[in-house]
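Thanks, everyone. I have one structure for today, and I will take the whole chain before a single residue.

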Amino acid sequence: MSTKINALVDQDGLPLRITLSAGQASDKAAVGALIDGLPPARALVADRGYDARAVIDLVRLHGGCAHIPTQRDRRIQRSIDPAIYRRRNAVERYFCKLKHFRRVATRFDKLARNFLAAVMLASTRIRLRTYESTT
């Protein structure tokens with residue numbers, strides 16, 4: 001079995017929440033665990049994998065606005081603001097930084113809890129780098 005990392009990052013690309021899900025599971029299943037208990041945000045930006053009416057309603061219920069493009073096979077396409085959607089690269093940059101850690105990139109761990117621990121340690125180091133003094 002494989003696992004998938006689901007992450008929620010802030011506007012600076014720093015991780016706020018991280019969960020693991022089964023590799024064959026849909027991305028949409030992890031949204032509730034990622035945003036539950038967080039203060040309301042103005043915007044939640046995600047890719048097409050999170051396009052579902054239930055996800056958009058859940059974000060709206062938590063006081064935010066979802067900027068998720070509609071999947072191409074849908075008849076009715078929602079419009080999104082391209083300037084806001086460009087901010088999605090923050091999560092992509094986070095995953096790029098995460099892959100710099102060999103243990104995470106190569107997935108040495110057999111147990112999901114050990115892999116999650118490695119991802120959390122790597123995320124902590126990524127977060128600490130922004131607060132390090134450069135002088």
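Of the 135 residues in the protein chain, 33% count as buried, meaning under 20% relative accessible area with a 1.4 Å probe, protein chains only. This is a predicted model, where local features need pLDDT of at least 70, side-chain atom pairs count only at pLDDT 80 or more, and totals for chains, interfaces and linings use all residues. Residues are numbered from 1 along each chain as its sequence is written, and side-chain values use heavy atoms, with hydrogens and water left out.

The protein chain has six helices and four strands; these are DSSP runs, H or I of at least four residues for helices and E of at least two for strands. From the N terminus, the order is β-β-α-β-α-β-α-α-α-α. The radius of gyration, over C-alpha atoms, is 16 Å, close to the 14 Å from the globule rule for 135 residues, so the protein chain is as compact as a globular protein of that length. That rule is 2.2 Å times the number of residues to the power 0.38. The C-alpha trace spans about 45 × 45 × 25 Å along its principal axes.

Now to Thr70. This residue sits in the loop between strand S4 (65–67) and helix H3 (82–85). Thr70 counts as buried because its relative accessibility is 2%. Leaving out residues up to four places away in sequence, Thr70 touches Arg48, Asp51, Ile76, Gln77 and Arg78, a contact being heavy atoms within 4.5 Å. With Arg78 there is also a reach from the Thr70 side chain to the backbone nitrogen, at 2.8 Å.

Note on methods
Buried < 20%, exposed > 50% of the residue type's maximum accessible area, 1.4 Å probe, protein only. Polar contact = N/O pair within 3.5 Å; in protein donor to acceptor, adjacent residues only side chain to side chain.
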